[in-house]
Amino acid sequence: MYSVQSVAVTPIQKRGRKEYKKYGPSKTKRILPNSTKASKRSQHLLRVRVLMQLGGQCESCGIKDMRVLHIDHIKNNGAQERREVGRHHSMLKRVLSNPFDYQILCANCHEIKHTQNME
Ligand SMILES: [Zn+2]
């Protein structure tokens, strides 16, 4: 997906195949490049904007915690739309241009809705 750079090269990273089998992958700290941080931040801000535009709370139970809010496709065509536009930035832009096709549900209510649809 995105490249990850190692911070410091420690002797742990230089160990051979035997040590790798015994101890597993290196546990040294990894950091994300600044460009990835910036795009993650703009992604986050766009998501917050979309959630606020759609009401900022779960349509079913009213919870307002951003961490658990999902954007739900009212017509249940989410899988098809993800195939067409992908998952992230372009999807959120699409929500902003057609807000009436979407609603906010929390993780629990979203799961309940889709489980009920399968029965
Ligand atoms: Zn809910």
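Just after helix α3, glycine 86 takes a positive phi of about 90°. Helices (DSSP runs of H or I, at least four residues) and strands (runs of E, at least two) are numbered from the N terminus. This is a predicted model, in which local features need pLDDT of at least 70 and side-chain atom pairs count only at pLDDT 80 or more, while totals for chains, interfaces and linings use all residues. Residues are numbered from 1 along each chain as its sequence is written.

Helix α3 itself covers residues 78–85, and the count of buried residues among its eight residues is zero. A residue is called buried if 20 or more other C-beta atoms, placed from the backbone, lie within 10 Å of its own, exposed if 12 or fewer do, and partly exposed in between. In the loop between β3 (69–73) and α3 stands asparagine 76. Although asparagine 76 is not a glycine, it has a positive phi of about 55°. Asparagine 76 counts as exposed because it has 11 C-beta neighbours inside 10 Å.

The wider plan may now be considered. The protein contains five helices and four strands, and their pattern along the sequence is β-α-β-α-β-α-α-β-α. Of its 119 residues, 8% count as buried. Two residues are in contact if their C-beta atoms, placed from the backbone, lie within 7 Å. Among the contacts with a separation of 6 or more, 72% are accounted for by residues 24 or more positions apart.

Confidence is expressed by pLDDT, the predictor's score for each residue, from 0 to 100. The protein averages a pLDDT of 81, and 79% of the residues score at least 70. Where pLDDT is low, the predicted coordinates should not be read in detail.

Four of its five residues are buried, so β4 is largely enclosed by the rest of the structure. Strands β3 and β4 run antiparallel and are joined by five bridges; two strands pair if DSSP finds at least two bridges between them. Aspartate 72 has glutamine 103, in β4, as its bridge partner.

A nonpolar core is a set of buried Ala, Val, Leu, Ile, Met, Phe, Trp, Tyr and Cys residues joined through C-beta atoms within 7 Å. The largest one here has six residues: Cys58, Leu69, Ile104, Leu105, Cys106 and Cys109. Strand β4 supplies the largest share of this core, three residues. Not counting residues up to four places away in sequence, isoleucine 104 touches several residues, among them Leu51, Leu54, Cys58, Leu69 and Ile71.

Helix α2 (residues 34–53) holds valine 50. Valine 50 is buried because 20 other C-beta atoms lie within 10 Å. Residues up to four places away in sequence aside, valine 50 touches Ile71, Leu92, Val95 and Leu96. Valine 50 and isoleucine 71 are 21 residues apart along the chain, and their C-alpha atoms are separated by 8.7 Å.
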